[in-house]
Amino acid sequence: MFGIQFLKVPPTMFVMQYRKNKLVREGSGLSFYYFAPHTTIVQIPIGSNDMPFVFEEVTADFQDATIQGELTYRIARPAQAAKVLDFSVRPSG
C-alpha cells in the first residue's frame, strides 16, 4: 500500500537493502519494511546448492563415454559475490 512493502527472508538467504545506492542493512534471515520506489533488494542464497552435470565425450578409440557428477557449493562471502554478480530482485519477487 502506497509503496511500503514487507520483506521476510529465510536464514539461508543473505539480504542487502540499498536506498538511493547506499547500503542501509545487510544480514541473513532479516525481516523489515521498506519503501519500494526508492529501495533495491539484493538476495544471495547462502545455503548449500547442488548442481548436477553430465559430459558426453568420445574416447581415442571412438567409444562413447558419459561422465556424470554433482557439484555442491556454498557462498561463503555473499557481499563479495554481490559485487561480481547481479542478485537484485524485483519488488514482486
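User: Where is Phe 62 found?

Analyst: This is a predicted model. Phe 62 is found in the loop between β6 (49-58) and β7 (64-73).

User: Why is Phe 62 called exposed?

Analyst: Its relative accessibility is 71%. Exposed means over 50%, so Phe 62 counts as exposed. Phe 62 also has a positive phi of about 60°, although it is not a glycine.

User: What is the phi of Asn 21, and where is Asn 21 found?

Analyst: Phi of Asn 21 is near 65°, a positive value in a residue other than glycine. Asn 21 is found in the loop between β2 and β3.

User: Is Asn 21 buried or exposed, and how do you know?

Analyst: Asn 21 has 76% relative accessibility. The cut-off for exposed is over 50%, so Asn 21 counts as exposed.

User: How many aromatic pairs does a search of the whole structure find?

Analyst: The search finds three aromatic pairs. One of them is Phe 6 with Tyr 33, at 4.8 Å centre to centre and 55° between the planes.

User: What makes Phe 6 and Tyr 33 a pair, and why is the pair called tilted?

Analyst: Ring centres must lie within 6.5 Å, and these are at 4.8 Å. Planes under 30 degrees apart count as stacked and over 60 as edge-to-face. The angle here is 55°, so by the definition the pair is tilted.

User: Which parts of the chain does the pair link?

Analyst: The pair links distant parts of the chain. Phe 6 is in strand β1 (residues 4-8) and Tyr 33 in strand β4 (residues 31-35), 27 residues apart.

User: Why do Phe 6 and Tyr 33 get their accessibility labels?

Analyst: Phe 6 has 46% relative accessibility. Tyr 33 has a relative accessible area of 60%. Exposed means over 50%, so Tyr 33 is exposed.

User: Why is the pair of Phe 53 and Phe 55 tilted?

Analyst: The ring centres are 5.4 Å apart and the planes are at 50°. Phe 53, at 33% relative accessibility, counts as partly exposed. Phe 55, at 44%, also counts as partly exposed.

User: How do you know that Arg 25 lies over the face of Phe 32?

Analyst: Arg 25 is at 4.5 Å from the ring centre. The limit is within 6 Å, with CZ also within 35 degrees of the ring normal. Arg 25 is listed as lying over the face of Phe 32.

User: Why does Thr 39 count as buried?

Analyst: Its relative accessibility is 11%. Buried means under 20%, so Thr 39 counts as buried. Thr 39 is found in strand β5 (residues 39-45). Not counting residues up to four places away in sequence, Thr 39 touches Gln 17, Tyr 18 and Tyr 34.

User: What does the side chain of Thr 39 reach?

Analyst: The side chain of Thr 39 reaches the backbone oxygen of Phe 35 at 2.6 Å. The cut-off for a polar contact is within 3.5 Å.

User: What makes β3 and β8 edge strands?

Analyst: Four strands form an open sheet in the order β3-β2-β5-β8, with antiparallel pairing. β3 (22-28) and β8 (88-89) each pair on one side only.

User: How many bridges join β2 and β3?

Analyst: Strand β2 (residues 13-19) and β3 pair in the antiparallel sense over six bridges. At least two are needed.

Key: Residues are numbered from 1 along each chain as its sequence is written. This is a predicted model: local features need pLDDT of at least 70, side-chain atom pairs count only at pLDDT 80 or more; totals for chains, interfaces and linings use all residues. Side-chain values use heavy atoms; hydrogens and water are left out. Rings of Phe, Tyr and Trp (its six-membered ring) pair if their centres lie within 6.5 Å; planes under 30 degrees apart count as stacked, over 60 as edge-to-face and the rest as tilted. Helices (H or I, at least four residues) and strands (E, at least two) are DSSP runs, numbered from the N terminus. Buried means under 20% relative accessible area, exposed over 50%, partly exposed in between (1.4 Å probe, protein chains only). A polar contact is a pair of N or O atoms within 3.5 Å; within protein, one must be able to donate a hydrogen and the other to accept it, and residues adjacent in sequence count only if both atoms are side-chain atoms. Contact means heavy atoms within 4.5 Å.
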